[in-house]
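Good morning, and thank you for making time on the agenda.

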Amino acid sequence: MIDLRSDTFTRPTKEMRRAMAEAEVGDDVWGEDPTVRELEEETAALLGREAALYVTSGHMANQLGLWVSTHSGEEVWAHENHHLIGDEQGAATVISRVLPKLYSGDPFPSRELLDRWITGLGDVHRADPALVWLENTFSGQVIPLAEQKRVTDFAHAHGLKAHLDGARLWNAAAHLGVEPARVAEGFDTVSVCFSKGLGAPVGSALVGDADTVRRARRGRKLLGGGMRQAGIIAAGALYALRHHRERLPKDHARAARLADQVDALPNLSAVARTNMVLVTTPEGAADRYVAAFAQEGLRVLGGGDRIRMVVSLEVTESDVEDAAKAVARAVARL
Ligand SMILES: Cc1ncc(COP(=O)(O)O)c(C=O)c1O
């Protein structure tokens with residue numbers, strides 16, 4: 001069975017497991033785990049920030065990013081399809097108790113929208129805006145750095161903070177051919193994941209200035225996210241950070257090849273965005289296609305008229321060829 005459901009399904013490699021087995025550890029709640037500290041220092045440096053905090057998940061990194069930059073009742077501006085909105089159980093309204101103000105369409109707010117939303121700032125009827133949220137990559141799509149800069153500049157000019165959900169920032173940097181710090185530029189906080197395209201078994205990080213990360217560290221403990229000898233899992237993340245970033249363009253090239261082959265089939269259209277292939281099926285038919293692919297030995301996720309296929313560490317060149325053949329056989333049967 002070829003599994004293209006998500007890049008979160010990758011399992012640690014032999015070398016990564018060895019690094020984890022041999023990791024030096026201590027009690028991280030007391031700041032005494034040398035491997036966690038090394039991971040945090042290296043992550044902060046790569047993203048051009050003073051400090052980083054290792055956390056269990058991208059979800060937690062995002063929620064802490066929100067928590068350190070808002071007060072309850074304030075507005076956070078986000079896209080309706082951001083992970084923060086649709087995939088974190090509404091935690092933004094439970095933990096930070098903020099009011100999400102949503103836009104749709106393009107994965108970044110237009111100048112006109114920002115101007116409209118900032119108008120009436122200070123009006124007694126209105127919640128105070130506090131934070132602008134972006135996601136890069138966004139369903140695999142790379143947000144141009146110029147658009148990010150426009151949004152973060154706007155936020156700062158009006159006293160707002162800016163957060164980047166960079167769960168797949170590493171893929172964005174690889175696609176653009178820039179250092180990760182360039183993609184993180186201009187944001188007050190950035191969350192990144194080690195457990196997606198990089199293939200680590202556990203963990204994410206939140207980066208920012210030293211005081212912000214100090215407050216996030218308190219927030220992590222508040223939420224019960226303090227971990228003891230976390231160096232065991234941090235070693236996997238550190239290995240992934242050091243050894244798996246440079247191979248990401250391979251995933252992107254494989255996704256592009258798969259998209260070309262799927263796009264050539266009747267009734268389907270497909271585009272590759274970094275490591276993701278987004279397939280459009282006839283209206284409402286995605287479930288039937290997903291089931292047919294599974295019968296041909298290919299697992300994917302989909303619904304409505306959309307199917308997503310994700311290429312990552314364990315997906316080889318020949319898996320991509322086999323996946324394309326499985327799709328072709330399924331299409332011929334449907
Ligand atoms: C864009 C984005 N942000 C955040 C997350 C959350 O990461 P985690 O699954 O580690 O909580 C995901 C997970 O897929 C994601 O795709």
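Predicted model: local features only at pLDDT ≥ 70, side-chain atom pairs only at ≥ 80, totals over all residues.

Residues are numbered from 1 along each chain as its sequence is written.

First, the domains. The domain assignment gives domain 1 as residues 8-243 and domain 2 as residues 247-333; such bounds come from an automatic or database domain assignment. The centres of domain 1 and domain 2, taken over C-alpha atoms, are separated by 29 Å. To their contact, domain 1 contributes 14 residues and domain 2 contributes twelve residues. Contact here requires that the C-beta atoms of two residues, placed from the backbone, lie within 7 Å. On the side of domain 1 that touches domain 2, three residues are nonpolar, nine polar and two charged. In this classification Ala, Val, Leu, Ile, Met, Phe, Trp, Tyr, Cys and Pro count as nonpolar, Asp, Glu, Lys and Arg as charged, and the others, Gly among them, as polar.

Next, the sheet of seven strands. This open sheet has the order β2-β8-β7-β6-β5-β3-β4, and its pairing is mixed. Helices (H or I, at least four residues) and strands (E, at least two) are DSSP runs, numbered from the N terminus, and two strands pair if DSSP finds at least two bridges between them. Because β2 (51-55) and β4 (99-103) each have a single partner strand, they stand at the edges, with one side of each left without a neighbour in the sheet. From one strand to the next, the twist averages 20°. Within this sheet, β3 (residues 75-79) and β5 (residues 129-135) are paired in the parallel sense over three bridges, and Val-76 stands opposite Leu-131 in β5.

Two backbone details deserve a look. The peptide bond joining Asn-136 and Thr-137 is cis, with omega about 5°, and Thr-137 lies in the loop between β5 and α7 (145-157). Arg-97, in the loop between α5 (91-96) and β4, has a positive phi, near 55°. For context, most residues other than glycine have a negative phi, and most peptide bonds are trans.

The other open sheet has four strands in the order β9-β10-β13-β12, with antiparallel pairing. Here β9 (269-273) and β12 (301-303) stand at the edges; each has a single partner strand, so one side of each lacks a neighbour in the sheet. The twist in this case averages 15° from one strand to the next. Five bridges pair β10 with β13 in the antiparallel sense, and Val-279 stands opposite Ile-307 in β13. Ile-307 is also the bridge partner of Gly-302. Three bridges join β12 to β13 (residues 306-310), again antiparallel. These two strands, β12 and β13, form a hairpin with two residues between them, and Gly-304 in the turn has a positive phi of about 65°.

Which helices lie against this sheet? Helix α12 (residues 248-263) lies across β9, β10 (276-280) and β13, at about 170° to β9. Angles run from 0 to 180 degrees between N-to-C directions, and axes are lines fitted to C-alpha atoms, for helices over the stretch in contact. Helix α13 (residues 286-295) also packs on the sheet, where α13 touches β12 and β13 and makes about 155° with the direction of β12.

Helix α12 has a further partner. Helix α8 (residues 169-176) packs with α12 at about 80°, their axes being 9 Å apart. That makes the two helices roughly perpendicular, a term used for 65 to 115 degrees, whereas angles under 35 count as roughly parallel, over 145 as roughly antiparallel and the rest as oblique. The contact is made by Trp-170, Asn-171, Ala-174 and His-175 of α8 with Leu-248, Pro-249 and His-252 of α12.

Finally, the ligand. Among the residues around the ligand are Ser-57, His-59, His-83, Glu-135, Asp-165 and Cys-193, where a residue is near a molecule or strand if its C-beta atom, placed from the backbone, lies within 6 Å of it. By class, the shell has two nonpolar, eight polar and two charged residues. Helix α3 (residues 58-69) gives the most to this shell, with three residues.
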